[in-house]
Amino acid sequence: MNIARSIRISRKQLAAHKLRTALALTGIVIGVSAVIIMVAIGNGAQQEVLSKIEAMGTDLLIVNAGQVQKSAGRQQIRGTVTTLALADVEAIARECSAVKVAAPVQSKKIQVKYGNLSTNTTVVGTTTEFQEVRNFRIAAGAFFTDDENLASRRAAVLGQSVVNNLFEGRNPIGETIRVGRVPFEIIGVMESKGVDLNGADQDDQIFIPIRTALRRVFNVSYIGAINIRATNTQAMRQAVAQVSELLRDRHRLNKQQKPDDFTIQNQADLLVAQRETTNTFTMLIGSIASISLLVGGIGILAIMLIAIRERTNEIGLRMAVGASRKDIMTQFVIEASILGVGGGLVGIFLGVLGAVVVRFGTSWAVTISPNSVALAFGFSLLVGLFFGVYPARRASLLDPIEALRSE
Amino acid sequence: MNNNVIQGTNLAKIYNKGGGGEVGAVQNVSVEIRRGEYAAIMGASGSGKSTLMNILGCLDKPTSGSLKLDGIEVSTLTDEELARVRNKKIGFVFQSFNLLARTNALENVELPLIYSDKTDISRLARHALESVGLADRVHHNPSELSGGQQQRVAIARALVTDPEIIFADEPTGNLDSKSSLEIMALFQQLNEKGRTIVLVTHEPDIAQHARRIIQIADGRIVSDEVNPNPRVAEQEMSALLPKEVAHENR
């Protein structure tokens, strides 16, 4: 059989019922575009999360004081643990070979005032190593040095949001702000970092020397966390083991057989976990969208059954002039596949368009995955084939005499 | 080579076989159609003439009996093989034309060739349309053609594979008398050029155009005679409307 010519004639029959054909395709179109859009949104979210983790560095370890418990996806520290000390930071930097650099962190939300403007912001007491550990860079002025920390200077480095809130665009360097009641001189401004994994604004922070913070602002002698950068990503596990061993030793937990009074959060593990979570999520929404592809297939099934009833006479004629049952079967399977492919192509177009609209209409990151496009298209072709076989078989089994007699 | 295009021996078609009400649509029919013949199968509706045509045309299989088409026994062929036989050796013309709507004359005529192994499809289809006098209607859709023209497209479709035999089932049933005569004239022309034609009809006037008339009643052949004086469709047309028809036929 000359398939190309047969298809040309089939196409005319499909085109003759434009509305019906369009309706038959709607299911497939919606299915394919839904898969593409959903997976694009899922991928976008994944990449955003991963890029945030990677921006912090995959060789980053965070030691939190106390047992960190995750509830509803948020980290919570139970109670106040006062055992983590500045001396621990120095010991880690000195004794752990897999640790490149470590910085203490003690932070709290405090009211900060400049003139008659005030803002509630996170005040972070740390050391100059913080810049290296967390990839924070100075935009203007300077970060405080070790000497300034040792001298407990009242120097502050502001995040961009704080500058915006208090100075409304003016240059803050050299000005004096009050943190609680303590006056601080502004010596630098940080580069903008955006929001972190938990959605907190990383620019809504001010950094002050840890010694000044403990003594003058927080009035405590312990620290809440230690940020550590390992020598490289491969040394992460070793670094975790070394830090854990050292802290247990220093806090005398081994002798008393007590559980850890700290929790080490490993960015590399977090990365893997997040990737798995978002992959699962993407697969989930992808498979929900696939259900609409299946529904679309049933649309094709219905339309093919109607078409065959309506074209019974044509089928009889084709048989009379020499079409074998196999020829009739082939023709209708191909017609159904054309519907599937046609719906797939329109769906891809609308899906990509939809993803672009979502991209610019919302603040969501949207990444169109070529795999999902190929998958959705292949699936629509398969659905067309699958749901085309049954009607095609029915057509091929018609009795030519009765078919010719029908109107 | 056998001179009989069709040789049917003791053909029978029995519906509801083995059931209570057996119906013998065709009973013990033996018939031969020679090459170059123009035969009419005549009978009232329900006489079994259509069933006989379907069997002879390989659309239906006889319950019993032997049917040789062009020397080949076809009563035992599979559906696939019968499709090949229909495609190569048989052309059909139906009462209701059975043209594909929204498909132009050329493509309608190409249809049988799609299922053949022929390659120069368009040229053959064009040639067939020329032979029925529709060279200037090649790209017209059926809805743009008169009934007579539509039936001529259908005849071109039957001719395009150069079949051994053409079966015409009430080809004038849906046509006015003038168009009917045109179609009968066309069949006579084709037969004069050597084409074997079997005409199935219940109208004696139409059957009179054939050179042999086979009468069927109750599934049996009741008479089979040479028609000594076939009507000549072209003469009838001149008598009907001399100027107009002469002009139209050029």
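Analyst: Begin with what counts as a contact: two residues are in contact if their C-beta atoms, placed from the backbone, lie within 7 Å. Keep in mind also that this is a predicted model.

User: How do I read the overall build of chain B?

Analyst: Start with the elements: chain B has nine helices and 10 strands. Then take the extent, where the C-alpha trace of chain B spans about 55 × 45 × 40 Å along its principal axes. A compact globule of 250 residues would have a radius of gyration near 18 Å, and chain B agrees with this because its own value is 18 Å. Of the 250 residues in chain B, 48% are buried. Among contacts in chain B between residues at least 6 apart in sequence, 67% join residues at least 24 apart.

User: What is the idea behind a nonpolar core?

Analyst: In soluble globular proteins, nonpolar side chains tend to be buried together. Here the largest nonpolar core has 121 residues, and Ile36(A), Ile300(A), Ile41(B), Ala156(B) and Val198(B) touch the most other members. Helix H2 (residues 18-56) of chain A gives the most to this core, with 14 residues. Another core, of 56 residues, lies apart from it, and Ile53(A), Phe184(A), Ile210(A) and Ile226(A) are among its members.

User: Leaving aside neighbours within four places in sequence, which residues is Ala156(B) in contact with?

Analyst: Ala156(B) is then in contact with Val109(B), Ala128(B), Leu129(B), Ser131(B), Val132(B) and Leu134(B).

User: How do I read the two sides of a helix?

Analyst: An α-helix has 3.6 residues a turn, so residues three or four places apart point the same way. Take helix H3 (residues 86-95) of chain A, where the buried residues are Asp88(A), Val89(A) and Ile92(A). They lie on the same side of H3(A) because they cover an arc of only 105° around the axis. On the other side of H3(A), Ala87(A) and Arg94(A) are exposed.

User: What covers the buried residues of H3(A)?

Analyst: The cover includes strand S4 (99-114), strand S11 (225-230) and helix H8 (236-250) of chain A.

Note on methods:
Residues are numbered from 1 along each chain as its sequence is written. Chains are lettered from A and ligands numbered from 1 in the order in which they are written. This is a predicted model: local features need pLDDT of at least 70, side-chain atom pairs count only at pLDDT 80 or more; totals for chains, interfaces and linings use all residues. A nonpolar core is a set of buried Ala, Val, Leu, Ile, Met, Phe, Trp, Tyr and Cys residues joined through C-beta atoms within 7 Å. A residue is buried if 20 or more other C-beta atoms lie within 10 Å of its own, exposed if 12 or fewer, and partly exposed in between; C-beta atoms are placed from the backbone. Helices (H or I, at least four residues) and strands (E, at least two) are DSSP runs, numbered from the N terminus. The radius of gyration is taken over C-alpha atoms; the globule rule is 2.2 Å times the number of residues to the power 0.38. The arc is that of the directions from the helix axis to the C-beta atoms.
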